[in-house]
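This report takes the overall picture first, then the contact between chains, then single elements and residues. Please keep the sequence and the 3D view open while reading.

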Amino acid sequence: MYPLRWMPRLTLLAMLGPVVAGLLGALAPAFGWMPAIGAQRLGFQAFESVLNWPGFATATRLSLTTGLLSTGISLGIVALIVAGWNGTRAFEALRRLLSPLLSIPHAAAAFGLAFLIMPSGWILRLLSPWATGFERPPDWLVVQDPWGLALVAGLVVKEVPFLLLMTLAALPQTQESKARAVSAALGYSKIRGWLITVFPQIYDQIRLPVYVVLAYAMTVVDVALILGPTTPSTLSVQILKWIGQPDLSFRLWAAAGGIIQLLLVIGALGVWRLGEIALGRWARRQVVQGHRGRFDKTLQVAGLTLGAFIAGAVLFGLLSLALWSVAGLWRFPDLLPDALTWRTWQRHGGNLTELFARTSFIAGTSAALALALSLACLEAEARFGMKNATRTLWLLYVPLLVPQTVFLPGLQTGMIAAGVVGGTGAVILAHLVFVLPYVFLSLSDPFRALDPRYAVIAQALGKGENAVFWRLRVPLLLTPILTAFAVGFAVSVGQYLATLLPGAGRVSTLTTEALALASGGDRRAIGAFGLMQTFAPIVPFVFAVFVPRLIYRNRRGLLNG
Amino acid sequence: MKHLLWAGALSLFTTPLLAQNPDPADWSSVTEAAKGQTVYWNAWGGSTTTNAFLDWVGSRVSEDYGVTLEHVKLTDTADAVSRVIAEKSAGKDDDGAVDMIWINGANFANMKEAGLLFGPFAESLPNWSVVDVDGKTVQTDFTVPTDGYESPWAMAQVVMMYDSARVSPQPSIAALGAWAAENPGRFTFPQPPDFLGSTFLKQALIDLSADMDALQAPAGDNYEDVTAPLWAFLDDLTPNLWRAGRAYPATGPQQLQLITDGEVDYAVSFSPGEASAAIANFQLPDTARTFVFDKGTLGNASFVAIPYNSGSKEGAMVVANFLMSPEAQARAQDPNVLGYGTVLDMAKLTAPERAAFDALELGVATLTPAELGTALPEPHPSWMTRISEDWSARYGVLAK
């Protein structure tokens, strides 16, 4: 299969072109070159301006702390939940609650959370005025707090389901039940035993998703706009504000800020890596000391409580979105609206149907393309032992590490120059740049961790390479494959800048419309669009969960290693 | 001599290229060429009522002129400006993605100066003859002459919204500040550089300062002196704001929810009809009302402009012209639709056209033209730019 051999290189080329164009398009203005606005003096002025901006230190610190905190907390919660509860009925219930949350777009989840926790939100409405005495919302700085804690919370509720699903997809490749049995027999507590024996194997497989979570959390725009501080905002939001300045010379600031943001992400990944090493050393010393683990019950309860709290926050947040979308007048401290009305849905109904169809088409196409390319690359790697070629596939993750605010304006200029702008095709291509890494990330580790002896045995039984692929690998990997498609679909649905810029604004999706409406703060419209945005990617996830169960209903071993 | 001849011969070849740009004075060929064109109107999409109005405009120009109108919903007008810049830098000088932009103020001044706009066209449109050129500021935009590079379609004026069940109108900015000192945490404004937040700052400056003429020229050495009263006022006000000035609503419409929830009691608006429309939409309680300060409030016009590289300039001009028609203007002024002020001169209209305006109910929270008074002129855009930059440095970045 000659063409297959070229797939990794082809994929790489198709993905690297836009990335390089986007980066060049960002580098030039950062160093003062943007002829369209009359900037033709090369130098470091833009960087100096950004460094001298009074909010720089705070904004930078915020990007770092919110990114590191939310990633660390999310990973910790996931580890506690799986360590303490995997295999129990409580775990199955929690998993069923949390998994669908993955598909919920960040913006919708953030709005839901805000509707719950803000001073005029549902939680205080529930308690007022009978318990709190509040006739009017208290002047509390709960959302948009200057420390970014609400932003961290908003990121955690979205990243826990993501990391949990990644962990579950990796779990069959470890020998978890045996490890548990051995560590329990040696007297280790449930959580400590799991952390020592299983977690290192898991982490090895989910390391890239964790890095992506970190990079994403540091550069996120939509969640930060909704929950993050504004005096000043995080660096990425500030970059967006510079892009939005009427004075065009701020475009140079934005480009320079983007480069700084990129360096910041690289630095944070380095810090995280050092943290991994330090933690690993510390853990090895701990293991040698042979402690069997304490506070096991407390930690178990904490993990389950946190997981349930996250699920509850998002689900009640969604419920409040639903309620707002049909609310008449709804004042504080009323727990429920004065009246219900379909007016919001009637007003947006026709538009919503059209947007829903277009969003699904774009997401389905880009996710299917990404899945085909990823499978082809991984299969080529397996057949030809192309270790070197596939190692360079690391570069695919560049779009996830380069902040969107620096990468996409440059990509837009490049796409216009290449004549591919303004159509659904351009949007699908741009989405592919972001979808492919997620699909590849969620698929590659389970694929590579597949025991190679299956293929050897099949070949010994006289089966060819194609039969091995279609009759062994695909069926064995059905759950990760469907999950990867669903992840890609959800990633595409959530894309904002990657839709707006390559589509030249002419291709609108549920997300671009939702964020345009969000700037107006109309909770009813936000509710309706947030719900539709949530609904769109759920179908592929439902498939990812139920299709393997249906097909393998009498092959339990294929469902969970 | 020879060179001149060559130049002449060359110009013969280049003229047809330039002639691709339509001549607005030749209206029948404009409407002819517009037929079948699709116009991508880039306009802020944050307001449900505005979006519905733009939808209606689309259906009407499609009926009458065969022009398809697509509303590209922006979160920020600057997005459309960026897009035109990106196209110019990539050398895409025709059939660009943006055919029309809802624009005014600094965005217009910058695009006009950078040569990114098509024109002049506005004053050649047929409906320009009924526009109130003398009574309304439709030929200058934040003191910058429009020179026909944008055409007006709505008048806006600053009003303050409040819930009459809780508070009463304030005569001046200073009185509002004094009220906030007694009622800390109950007033805020959208965070500058949001245009409405910046507008509030300008309104405060005009209300507080003695010398309004200085604001009509670009800000220069007099900047410190002229703005000193504003900063003194804000130093006192900020700790008394909602969230003690540590957080602000992002945009104007977000204030509606804050009033409805009872978090704040006053909010600034740039649309006299917004409160009435919001009541009808359940976004404000039916006790919401509006007022203007005794010294008057700022007013300006909303315009549409056409980028130099639009591929549907004729279609865009047809839409711009329709927006100035008595039919569209009367509908925009209807508080159940939009509640925007008209740019037309009632005296220039026919009796039936006028009747459509007379028949409009103003809406429970909308002030009459007499109550609104004469709008104060916008300062030169340089003031808004410097004031919002300064505000961000002083209050937008908390020292910690």
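What pLDDT does chain A average? This is a predicted model, and chain A averages a pLDDT of 86. In chain A, 95% of the residues score at least 70. Confidence in this chain is highest in α3(A), at 94. It is lowest in helix α16 (residues 387–391) of chain A, at a mean of 57.

**Chain A as a whole**

Chain A has 27 helices and two strands. Its radius of gyration is 24 Å, close to the 24 Å that the globule rule gives for 561 residues, so chain A is as compact as a globular protein of that length. Along the principal axes, its C-alpha atoms fill a box of roughly 70 × 65 × 50 Å. Buried residues make up 54% of the 561 residues. Among contacts in chain A with a separation of 6 or more, 80% join residues 24 or more positions apart.

**Helix α4 of chain B**

Helix α4(B) covers residues 77–89. At 1.5 Å a residue, its 13 residues should span 18 Å; the end C-alpha atoms are 19 Å apart, which agrees. Is this helix mostly covered or mostly open? It is mostly covered: 12 of the 13 residues of α4(B) are buried. The buried residues include T77(B), D79(B), R83(B), E87(B) and K88(B). Among the others on that list are A78(B), V81(B), V84(B) and I85(B). Residues three or four places apart in an α-helix point the same way, because there are 3.6 residues a turn. Just after α4(B), G91(B) takes a positive phi of about 75 degrees.

**Strand β7 of chain B**

Strand β7(B) spans residues 159–163. Four of its five residues are buried, so β7(B) is largely enclosed by the rest of the structure. Which strands does β7(B) join? One is β8(B), residues 266–269, through four bridges, and the two run antiparallel. Within that pairing, Y162(B) has Y266(B) as its bridge partner. Another is β9(B), residues 288–291, again antiparallel and through four bridges. There, D163(B) is partnered with A288(B).

**Two threonines in helices**

T60(A) lies in helix α3 (residues 56–85) of chain A. T60(A) has 20 other C-beta atoms within 10 Å, so it counts as buried. Beyond its neighbours within four places in sequence, T60(A) is in contact with L235(A) and L264(A). From P200(A), T60(A) is 140 residues away in sequence and 31 Å away in space, C-alpha to C-alpha.

T227(B) sits in helix α8 (residues 223–237) of chain B. It is buried too, with 21 other C-beta atoms within 10 Å. Leaving out residues up to four places away in sequence, T227(B) touches L205(B) and I387(B). T227(B) and L208(B) are 19 residues apart in sequence and 9.3 Å apart in space, C-alpha to C-alpha.

**Backbone features in loops**

Most residues other than glycine have a negative phi, and most peptide bonds are trans. The table lists exceptions.

| Site | Feature | Angle |
|---|---|---|
| S128(A)–P129(A) | cis peptide bond | omega about -10 degrees |
| P192(B)–P193(B) | cis peptide bond | omega about 10 degrees |
| Q144(A) | positive phi, not a glycine | phi about 65 degrees |
| A244(B) | positive phi, not a glycine | phi about 55 degrees |

P129(A) lies in the loop between α6 (122–127) and α7 (149–170) of chain A. Q144(A) is in the loop between α6 and α7 of chain A. Is Q144(A) buried or exposed? Q144(A) counts as buried, because 25 C-beta neighbours lie inside 10 Å.

In chain B, P193(B) is placed in the loop between α6 (173–182) and α7 (195–208). A244(B) belongs to the loop between α8 and α9 (254–260) of chain B. A244(B) is partly exposed, with 13 other C-beta atoms within 10 Å.

Conventions. Residues numbered from 1 in each chain as written. Chains lettered and ligands numbered in written order. Predicted model: local features only at pLDDT ≥ 70, side-chain atom pairs only at ≥ 80, totals over all residues. Expected span 1.5 Å × (residues − 1). Pairing = 2+ DSSP bridges. Contact = placed C-beta atoms within 7 Å. Rg over C-alpha atoms; globule rule 2.2 N^0.38 Å. pLDDT = per-residue confidence, 0-100.
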